[in-house]
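Thank you all for coming.

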Amino acid sequence: MKIWIDADGCPVVDIAVQVAGEFHIPACIVCDTSHYIIREGAETLTVSEGKDAADFAILNRVRKKDIVVTQDYGLAALILAKGGYAIHPKGLIYSEANIDRLLAQRQLAQKMRLAGVRMKGPKKRSPTDDLLFRERLVGLCRTAIAERKDEEGQDPKGR
């Protein structure tokens, strides 16, 4: 099990690495050469610069029950299809129940931008966003660990 961080433009790299350390889960920061990011307690995988290069690097390496931190709905959908977990830096946990709606909203927004409609950007990040992300990532780690133990035939409570 591993936590993958799609780090290009990711505001929660430090929080994700800290939570990974608390759960003794290896963390890997994936970024391109224009965003080289190093944090103690995490591996850094640097990929060549290019559209979606970091996303493809993660997708090619992620395994079932791995956790991916990403703002990219497309990558999140692919991670879910591989049996992984995905979480947005604002704490939204991507799931089969919400991913189709998110992808449809993304496509609609793209069509509107192409048609010349000016759209508002995301709200400014707040300390509450960091707290929510941390709380949800901790919960996701607990869920992933428990499900992994269940699959291995172990009692998640350690009995």
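Predicted model: local features only at pLDDT ≥ 70, side-chain atom pairs only at ≥ 80, totals over all residues.

In which helix is Leu 108 found? Leu 108 is in helix 4, which covers residues 99–114, where a helix is a DSSP run of H or I of at least four residues, a strand is an E run of at least two, and both are numbered from the N terminus.

Residues are numbered from 1 along each chain as its sequence is written, and side-chain values use heavy atoms, with hydrogens and water left out.

Let me turn to Asp 66, which sits in the loop between helix 2 (53–61) and strand 4 (67–69). Asp 66 is buried but has no salt bridge, and Arg 63, the nearest side chain of opposite charge, is 5.9 Å away; buried means under 20% relative accessible area, exposed over 50%, and partly exposed in between, with a 1.4 Å probe and protein chains only. A salt bridge, for its part, needs a side-chain nitrogen of Lys or Arg within 4 Å of a carboxyl oxygen of Asp or Glu, and in speaking of charge we count Lys and Arg as positive and Asp and Glu as negative, leaving out His and the chain ends. The side chain of Asp 66 does, however, reach the backbone nitrogen of Arg 63 at 2.9 Å.

Finally, Ala 115 lies in the loop between helix 4 and helix 5 (127–151), and Ala 115 counts as exposed because its relative accessibility is 63%. Between Ala 115 and Ile 38 there are 77 residues in sequence and 39 Å in space, taken from C-alpha to C-alpha.

How values were computed: Polar contact = N/O pair within 3.5 Å; in protein donor to acceptor, adjacent residues only side chain to side chain.
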